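Please keep the sequence and the 3D view open while reading.

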Amino acid sequence: MPNPKGHEDSIKNSRFKAAWQSGPTRTIRVPIALADATLDYARQLDNTIEPRDT
């Protein structure tokens, strides 16, 4: 019988360490021109480092 909740079981049983310290993640859409800067900023926040002025 197929899993009606799709991928939830595979997430719960995952054996890899989460890349983010701040908790669960979700997919968001950002303009391509801002994607790298947005990800850099999010990583800085996740590591509790004050973001640099750019």
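A pocket, as the word is used here, is an open set of grid points with protein on both sides within 12 Å along at least five of seven lines. Its volume is the space filled by probe spheres set on those points. The model is a predicted one, and its largest pocket has a volume of about 340 Å³. Rolling a probe the size of a water molecule over the atoms shows where empty space is left.

Of the 54 residues in the protein chain, 4% are buried.

Helix 2 covers residues 32-46, which is 15 residues. From first C-alpha to last, helix 2 reaches 21 Å, close to the 21 Å expected at 1.5 Å a residue. Just after this helix, T48 adopts a positive phi of about 55 degrees.

Which residues line the largest pocket? The lining includes W20, S22, G23, P24, T25, R26, I28 and V30. A35, T38, L39 and A42 also belong to the lining. An α-helix has 3.6 residues a turn, so residues three or four places apart point the same way. Sorted by class, the lining of the largest pocket has seven nonpolar, four polar and one charged residues.

One of the lining residues, S22, sits in the loop between helix 1 (8-12) and helix 2. Is S22 buried or exposed? S22 counts as exposed because its relative accessibility is 61%, and the cut-off for exposed is over 50%. Along the chain, S22 and D46 are 24 residues apart, yet their C-alpha atoms are separated by 5.9 Å. The side chains of S22 and D46 are joined by a polar contact of 2.5 Å.

A second pair involves R43, which is placed in helix 2. R43 has 43% relative accessibility and therefore counts as partly exposed, the class between under 20% for buried and over 50% for exposed. The C-alpha atoms of R43 and W20 are separated by 8.0 Å, with the two residues 23 apart along the chain. W20 is also among the residues that line the largest pocket.

How values were computed:
Residues numbered from 1 in each chain as written. Predicted model: local features only at pLDDT ≥ 70, side-chain atom pairs only at ≥ 80, totals over all residues. Heavy atoms only, no water. Helix = DSSP H or I, 4+ residues; strand = E, 2+ residues; numbered from the N terminus. Expected span 1.5 Å × (residues − 1). 1 Å grid on protein atoms, 1.4 Å probe; cavity = no way out; pocket = protein on both sides within 12 Å on 5 of 7 lines; lining within 4 Å. Nonpolar A, V, L, I, M, F, W, Y, C, P; charged D, E, K, R; others polar. Buried < 20%, exposed > 50% of the residue type's maximum accessible area, 1.4 Å probe, protein only. Polar contact = N/O pair within 3.5 Å; in protein donor to acceptor, adjacent residues only side chain to side chain.
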